[in-house]
Every structure is written in C-alpha cells, then in structure tokens.
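Subject: Structure for your review

Dear colleague,

Please find the structure below, followed by an account of what was found in it. I would be grateful if you read the two together.

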Amino acid sequence: MDIATRLLLNTEVTRRVLVAFLRRELERFGFKKAVLALSGGVDSSLSCFLAAEALGGENVLALLLPYRTSAPESAEHARQVIEITGAPSKTIDITPMLEPYFEQHPQMSDVRRGNMMARMRMIVLYDHSVHWNGLVVGTSNKTELLLGYGTLYGDMASAVNPLGDLYKTQVRQMARAVGVPEAIVQKPPSADLWAGQTDEGELGFTYAEVDKLLYLLVDERYGPEEAIAAGFDARFVKEVIRRVRTSQFKRMPPIIAKVSRRDVGHDFLYPRDWGT
Amino acid sequence: MAKLKVGLAQISPVLGDVQKNLQLHLDRIEEARQHKVQLLCFPELSLTGYVLKDLVPDVAMVAAESAPAMAELLAASQSMDLLFGFVEEDHRHRYYISAAYLSQGRIGHVHRKVYLPTYAMFEEGRYLATGDRFRAFDTRFARVGVLICEDFWHMSSPYALWLDGADLLLLMSASPGRGLSPEAALGSSRSVELMNQMYATFLTDFVLHCNRVGFEDGLNFWGGSTIFGPDGVLVAQAPYFEESLLIATLDLGALRRVRIQLPLLRDERPDVLYRELRRKVREQ
C-alpha cells in the first residue's frame, strides 16, 4: 500500500471521536462554550466546524483577528465558515495594538513581526475566553506540531486541540468531509503573516511530501535509513529530522530544575482530567 | 439446558472519584436487575477511572468487606453476580489493577492484572504491582476465568484459564482507541474483536469483553463490548463510543454441542506443551 493511502482515514469515525472529545473535555470543566481564532484557513475552519457540531454553532465564538497586511480573501473565507456553522463572530483588527511596538523597532524581521502577530492574537483570544466564558479551541495540526512550525504561546496556545493528531493532509480530508468550502480546502496554506507568504514556500517542501515522511518516521517508527530506502531524498529526511529534534522544546511545558523530592515537572504526576 | 442472562455495563467512570463511580455501578445494577440479569460485568478500573497516575494510592481499597464501596457492591450482589474493576491495596501497601467477582454477598474471586503495559501511552508499571496467577473459579453458573486488558494480549493467559477449566471468559478493559484507516472501526477495536473471536473459536468458550467509553487526558475509550459464543460467532455487541448496557442470554448448552463437533479441548496436549516449555526454560 502506498504511503498516501495509509494516511487516509475514515472521516465518520474520526469526526465522531473529535466531536465527542470536544464536548466532553469542555463539559468536564463546566464549560458549554468555546472560542477560537478563525483565520479562514483549513485548520481553523475545521476546528470551527467540529466545535460547532460539538457545542452548537451559537456556542462557538469565532474571532477574526486581521492585521493590516492580511489577505482580504482570508476574511471572506472566514465569513463563509461563520455563515455555515452559525457561530457568532467578532472582528478585531490587531494593527493598532501592534503598530506602536513595530514603530519603536523598525528593523524587526518578518519572523519577529509574525511572532508578535501570533501572540497578539493569543492575547485577544484568551481575553475573550474569560469574557465569553468559553475555552480556547486549538487549531495546530500534527504536521505543524512535529515540525515546530508555529509560534510558541501564539497560535500554538489552546486549552483543547482536536487537530493535534491529524497530519495536514488528513485535516484536508476531514475538512472536505464536514463541509468546509472547497476554496478553503484547496488554497495554499499560509500563516498570512506577510504578503505572499505560504507555508510550503517557507518550509521548502510540500505538506503532501512531508506528511508521508513524518508518517513513516513517527507513526510507523521507520529509521532514517529505512525512510531513504523507501524513496525519500536523504537531504530531505535529514532536514525534517533536524526540524523535529530542534523544535522538541515547543511541544513541552517549560523545563523545571529539580531540587526537591517531588516537583511539578517530574514526579507530581496527576492526570489533567483529575476528578472529572 | 441452562441459560444465563448476562449484562455488560459499558460505562464512563469519573476519573479518581470512587463515590461517584460507586453510584454509577449501583444505577447500572438496578437497571440490569429490572432486566433480570444474572451476571453483570463492568470494565477495567470501573470504580476509579483509568489514567490515575499519582491518584493510585488515593483511590485504592482492600479486597475485603471492610472497604465501604466493596460492602455496598456485596449487598448489591444479592440480586445478581457482579464483576467490577478497582485498584486493590494489599496489606503491605502494594497496588494492583484488580477485578472482583461478587456473588450472593461474598467475594468469590479476585484477579490481579498480571501484564501491566508500560510502553507508548501506557505507564501502568510505573504505578502498580503485577499479579502472579491465572486461576479459574467456580460460580453458580459456570467455571469462569477473568482477564484484564493487556492480560489477554498474551495468548497464554486465556489458554491457562482454559486448562484450569474456564468455560466462560470474562474480559474487561479500558482500551484506548487509536489507529486511523479508511476502515469504519479504529485499529484497536479491530484487533481486540479479532482476538476475542479467535479465543472463542480456538478455546470453544464463551468470551465476554466489557470495554469502557469516555475520554481521559485525550485518550478515547471505544466501547464496542462483545460477546462471542463457543462457535466463535458474535452473539451481541454494544455500540462504539456510547454508554450502554448490553444484555444477552447465553445458551450454555452450546458448550457441549460445539465441543462434540470440534473436540479441541479433548485433544489438547498440555503435557507436550509443558515438556517443550520446560526444555525452553532450561535452555535459556
């Protein structure tokens, strides 16, 4: 069986698990509502559809958080998702919150500016989490998490993440199945942090290719040599493994220096869902 | 020939709250009583929840009437036989994943999970002690063997119970769902169903499997509890992912009929196996 086929999933079973997961994880901490940042991309659109199915569209607040350079198409796509899911929405332009800082630091690189935008969105999102009394639903997929292609405490921040174990190509498959508009599923993925940015342009490879490789390395536990023997370019394999290794810190809570007999990081080990 | 009305309570326990889970048990027992169920099984760690980590000592109880939850379940076992899961603490403060079989106000049997998975998402070996035996036991309906989850991923476990006379295998688990594919069931569901069907076929036993549902720390438990007859045919199955009380009437006469047609038990050669195992162990 070719690798792309092995990445295919049964959308009904997956949908059932993810929807029930969202409903239960919110309910167990006393929440009936959720909030998410809706960019108009396929990941946040899928999260919005799943959350709306789990909680009812009226209980999912979709925040549109554009910066002045954001593509107008993004907002249009987000509006389509809002219309279909029935989620209430709010548009908050983050430009005036960021400009004073950017003006003080005119030499900032695109990466720094992009991180600022991602973190400003997180600030607004978490503020609305309190105001709306809803938990923040995440939109980071497995490919991004493994490659570290996200901003720590920015777009990677959430309370519950239904997409974290789905590769990007699986997110697309799920998005189609739940009814995300085709234009959203098909457009080139982009963090939309600066004009013309695309994920695949920035990463230097396509999601279709890297998902297949990550699937072998992570899910099927192939060694690098086995992945190369399976037909992947040696430099590509090396680069992806480097990315996964050097971004490990992004997938973990801050490390704690152990000095006592029992500390929060190492041996005070309670389940998150403790008592629920 | 004898009929046995069994129930599998596919529940979603509250993580770390014995009192709430006890109530969940009593509610299901009452529901089963109305259906005249004679033997009701609960899933692994039904009284405590599964992803316990450091909660293990807090939710543990001794396998004795002195434990309040045990006393209430013993009282309930006057109306039907019960099998449930809990964390057992022994008198030297070792903790086990255990299952207790209660009948007519008495503890008939306690099985301590022998195989504790400690790999991938599982970390049972970190917190718990291992059991050291597989023993069948007599009930008022049939001779029974109990296994807990990873126990029955080792095929020697049901085999040992079979040789010890078990005609009815009661399997319980808290099996996390995983393994996406185009198939309509998760990979873990398919494996467990295949396994249980295989045990029923090869051992010509009734194989009952009670799995839990719900979510804990991102793990989903897939339910889908099954009952296979001694001919390997599915008798009944509970839905995936949903709480349910699966009730079925077993015709225990099927054991005789199947074993006349397929005398695997008669022809089994444990003496040959024993000799070969002894040789293997000596060689090692």
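In what order do the six strands of the open sheet in chain B stand? The order is 5-4-3-2-1-14, with mixed pairing; strands count as paired if DSSP finds at least two bridges between them. Strand 5 (106-112) and strand 14 (244-251) of chain B form the edges and have a single partner strand each, so one side of each lacks a neighbour in the sheet. From one strand to the next, the twist averages 25°, where axes are lines fitted to C-alpha atoms and angles run from 0 to 180 degrees between N-to-C directions.

The model is predicted: local features need pLDDT of at least 70, side-chain atom pairs count only at pLDDT 80 or more, and totals for chains, interfaces and linings use all residues. Residues are numbered from 1 along each chain as its sequence is written, while chains are lettered from A and ligands numbered from 1 in the order in which they are written.

Within the sheet, strand 3 (residues 81-89) and strand 4 (residues 95-103) of chain B run antiparallel and are joined by eight bridges. B:Glu89 lies opposite B:Tyr95 of strand 4.

Chain B as a whole contains nine helices and 14 strands; these are DSSP runs numbered from the N terminus, with helices (H or I) of at least four residues and strands (E) of at least two. Along the principal axes, the C-alpha atoms of chain B fill a box of roughly 50 × 50 × 45 Å. Of the 284 residues in chain B, 47% are buried (20 or more other C-beta atoms within 10 Å of the residue's own, C-beta atoms being placed from the backbone).

In chain A, helix 8 (residues 168-178) is mostly covered, with nine of its 11 residues buried. Among them are A:Val171, A:Met174 and A:Val178. The buried residues pack against helix 2 (11-27), helix 3 (42-55), helix 7 (142-147), helix 9 (182-186) and helix 11 (207-219) of chain A. Just after helix 8, A:Gly179 adopts a positive phi of about 105°.

Finally, the contact between the chains takes 20 residues from chain A and 23 residues from chain B, contact meaning C-beta atoms within 7 Å. The chain A side comprises 11 nonpolar, four polar and five charged residues; Ala, Val, Leu, Ile, Met, Phe, Trp, Tyr, Cys and Pro count as nonpolar, Asp, Glu, Lys and Arg as charged, and the others, Gly among them, as polar.

Yours sincerely

Note on methods
A residue is buried if 20 or more other C-beta atoms lie within 10 Å of its own, exposed if 12 or fewer, and partly exposed in between; C-beta atoms are placed from the backbone. Two residues are in contact if their C-beta atoms, placed from the backbone, lie within 7 Å.
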